[in-house]
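Subject: Structure handover

Hello,

Here is the structure you will be working with, followed by notes on what was found in it. Please keep it open while you read.

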Amino acid sequence: MNSQGKIGQTLPIGVAEVHDSNLEHLTGQAIYCDDILEPKGCLHAALVLGPRIPSRTLRIQAPDEGDLENFPGGRHIFYSGADIPGENNAGPVVHDEPLLPINETTYSYQPVGVVLSEDREVARRIARMYRVNGEPLNSVVSTIAEAAEVGQVLHEPLVLSNHFTDSSFNQCPCVTECGLSIGGQDHVYLEGQVALVVPSSDGIHVVSSTQHPTEVQDLIANLLDINAATVTVEIRRMGGAFGGKESQAAHFAMFAALGAHLTGLPVKLRLDRDDDMRITGKRHDFLVNYKVGHDADGLILAADIELSSRCGWSSDLSRSVNDRALFHAENAYFIPSIRITSNRYKTHTVSNTAFRGFGGPQGMVGIERCMDVIAKVTGKDPLDVRLLNLYGVSGRETPYGMLVNEDVLPELIQRLAETSDYRNRRKAIDLENGQMTRFRRGIALTPVKFGISFTASFLNQAGALLNVYKDGSVSINHGGTEMGQGLHTKIRQVVAAHLGIEIDSIQVTSTRTDKVPNTSPTAASSGSDLNGMAALVAATKIRNRLEAFLRETYQTSAEAHFSNGTVEIEDHKLTFADLSRRAWFARVPLSATGHYATPDIGWDPETGKGRPFYYFANGAAVTEVEIDTLTGVSRVLRADILHDVGKSLNPLIDLGQIEGGYIQGMGWLTSEELVYSTHGELMTHGLSTYKIPTAIDRPQMNIELWDGANPREMLYQSKAVGEPPFMLAISVHSAICHAISGLSPDNQFWPQLNAPATPQEILRCVQCAKTGS
């Protein structure tokens, strides 16, 4: 189907349409889950947390009656895993994750029970009064190194190999090895985990701050041993998610749903920030090691890559996250002989989960380190090494056997290097660094090639329901969720363009599982692609019906033109509202569903070959930084970005996504450090100890959109924009390394800087540079 359609003169596509909730956001009128008026009799839930050290043979001791009399409202209800009527499981794919463990906890402060009370603060206080004791596990494995030493794996290693043999390095003039540790990241969504569950004669109605309503529906149905049709999950908007509400939001909806089922009353659960950070999963942290064979010019001939991740105590989404890390371990570079090994380790820590980029960022960081090290070894500018190794030529094969038939990066990078004046700035920085003592600057240009589609092929589908009313107004419901990224705004633009009506006449309604069933999560940067195409299918059905009605009415075979709220056919002209009313009187159905499934994708994990992605989104960033060699503090001074979003549906929203993604990636690689104790307890569980970027950390930013089109059949030839910009921030880490490298008298020195590049980590590498260690 041609996604362009036959539109009139003015298109609401490609224009800077403001976010549909912009005014509500600015004025505080946007309704989130916690803002909903609580129903009569609503109880508040609070979690009873397990021991600080993972333990077995659990004993839960309720507070004494005398203690409860010390404050009013001490009446409460307690329930645990023993009260679950159905399956005690919160695992989204593999059922290895009990919602409320009964005998053993496997990470620090794992929830073991729930307290209900009429007042939220009372419920929280009583929950803290419960004492949970047990026998600490004999051996607590909390790090990748510890898990590797004892062979504690979550899944068996997966290996991708393409033209790699034991002799692949024999013909390579140079062999370079490098590696680094890559930390995790907390999602720090502004709206924490929250759910409101209301039982009724129609079943259970759940308002959940979730990216995946259908998964919440299915898990609650299994938990309560009821049909999924009796569970309705609704979400109007989230206050941020970033992957942290793809699978793990279900847990908190399930806690509340169990309470509602047991009491017959509405139940609401909202976590505070400390508990949220303690018990929810993070971005997977990785250890990466690269062995790369190349020639004297820096052209890579062979590579052997090992990626090892900390998955936590259960499967969650770790298999898919690690698969995507595999798929992006070579980033934008063609490597003719390559082997990539992915190790997935099980630890006694929270179950790590989805996060913007979904493993792709961790996969890319290592190869960009290799490019920098190879440049030092060969005496080249890192940009020249990168340009030399790009896929470039059409038809080259990725490590997983997918052909890259379109590579805009050579031209895109060259243009960015020119518009940012990269080469002159790098020369000036190298010259100035030689004359400075305390402060050093660095600069780097790094690219991004990010695959768009769910790696689990069955998730690449979406549905929509479109209703036209007699006055010409339109409501559209789709399976995607709005978390601030502007998805609903883009859907409105698509429908308005195809029906030739004003955007203001279109209402996008709350995502609900009883309107569009069996939805996929809003993730993998596919929200606009999948749901927009489903909405387009529905709009096309309506348009075709209306056009057929007009042809029959006027006895013509002419083509109808829909534009600016009017419809013309031959010399007849009427408003869309008038047409809608006439069609209703003629009993033309004005409601339609749409379904879209991404074509031409799929891969076989057994062979490691296939086409997991429909297309690639590309971009590049030039970042300039400054470090203080006395304190280790770094500052990002300037960022120049050129990013490929195809033909942008909405440049204003896309530019915002690019800026936000870059800043979030900058935080991951510089300041956001997750610190764990030896038994896996998160020590940085508040914003006093976990440092995210703020407005003052924003550098000077020059962002432009690449003026190209998506060569694949997609929504008005646009491309996804949610995740790819996150990886543009890898240039920050590379630039910090450049700033440190000049401190060494060895012209081949490149610091082994880990991520995040905290002041302590920068000082360690500064010392290594000065001492040559």
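The buried residues of helix 3 are covered by elements that include strand 1 (43-49), helix 2 (65-68), strand 4 (111-117) and strand 11 (267-270). Contact here means heavy atoms within 4.5 Å. Helices (H or I, at least four residues) and strands (E, at least two) are DSSP runs, numbered from the N terminus. This is a predicted model, in which local features need pLDDT of at least 70 and side-chain atom pairs count only at pLDDT 80 or more, while totals for chains, interfaces and linings use all residues. Residues are numbered from 1 along each chain as its sequence is written, and side-chain values use heavy atoms, with hydrogens and water left out.

Which residues of helix 3 are buried? In this helix (residues 120-129) they are Arg120, Val122, Ala123, Ile126 and Ala127. These residues lie on the same side of helix 3, because they cover an arc of only 160 degrees around the axis. The arc is that of the directions from the helix axis to the C-beta atoms. Buried means under 20% relative accessible area, exposed over 50%, and partly exposed in between (1.4 Å probe, protein chains only). At the start of helix 3, the backbone nitrogen of Glu121 has a side-chain oxygen of Asp119 within 3.0 Å.

Two strands pair if DSSP finds at least two bridges between them. Strand 1 and strand 4 run antiparallel and are joined by six bridges; Ala46 has Val115 in strand 4 as its bridge partner.

Another antiparallel pair is strand 18 (residues 461-468) and strand 25, joined by seven bridges. Leu465 has Thr593 in strand 25 as its bridge partner. In a regular strand the side chains alternate between the two faces of the sheet. Strand 25 (residues 591-597) has Ala592, Gly594 and Tyr596 on a covered face, and Ser591, Thr593, His595 and Ala597 on an uncovered one.

Next, the salt bridges. How many does a search of the whole structure find? The search finds 41. A salt bridge is a side-chain nitrogen of Lys or Arg within 4 Å of a carboxyl oxygen of Asp or Glu. One of them is between Lys245 and Glu191 (3.3 Å, N to O). Lys245 is in the loop between strand 10 (231-235) and helix 6 (249-263), and Glu191 is in the loop between strand 7 (174-182) and strand 8 (194-200), 54 residues apart. Both Lys245 and Glu191 are buried.

Arg415 forms a salt bridge with Asp707, with the closest N and O atoms 3.2 Å apart. Arg415 is in helix 11 (residues 409-419) and Asp707 in the loop between strand 30 and helix 17 (730-741), so the pair ties together parts that are 292 residues apart in sequence. Arg415 counts as partly exposed because its relative accessible area is 28%, and Asp707 counts as exposed because its value is 59%. Elsewhere, Arg425, Glu432, Arg441, Glu624, Arg638 and Asp640 form one network, joined by salt bridges that share partners.

Gln493 is in helix 13 (residues 487-499). Is this residue buried or exposed? Gln493 is buried, because its relative accessible area is 0%. Its side chain makes a polar contact with the side chain of Asn650 at 3.0 Å. A polar contact is a pair of N or O atoms within 3.5 Å; within protein, one must be able to donate a hydrogen and the other to accept it, and residues adjacent in sequence count only if both atoms are side-chain atoms. Not counting residues up to four places away in sequence, Gln493 touches residues including Pro12, Ile503 and Leu649.

Last, the cysteines. A search of the whole structure finds zero disulfides, a disulfide being a pair of cysteine sulfur atoms within 2.5 Å. Cys765 is buried at 3% relative accessible area, and Cys768 is buried at 19%.

Regards
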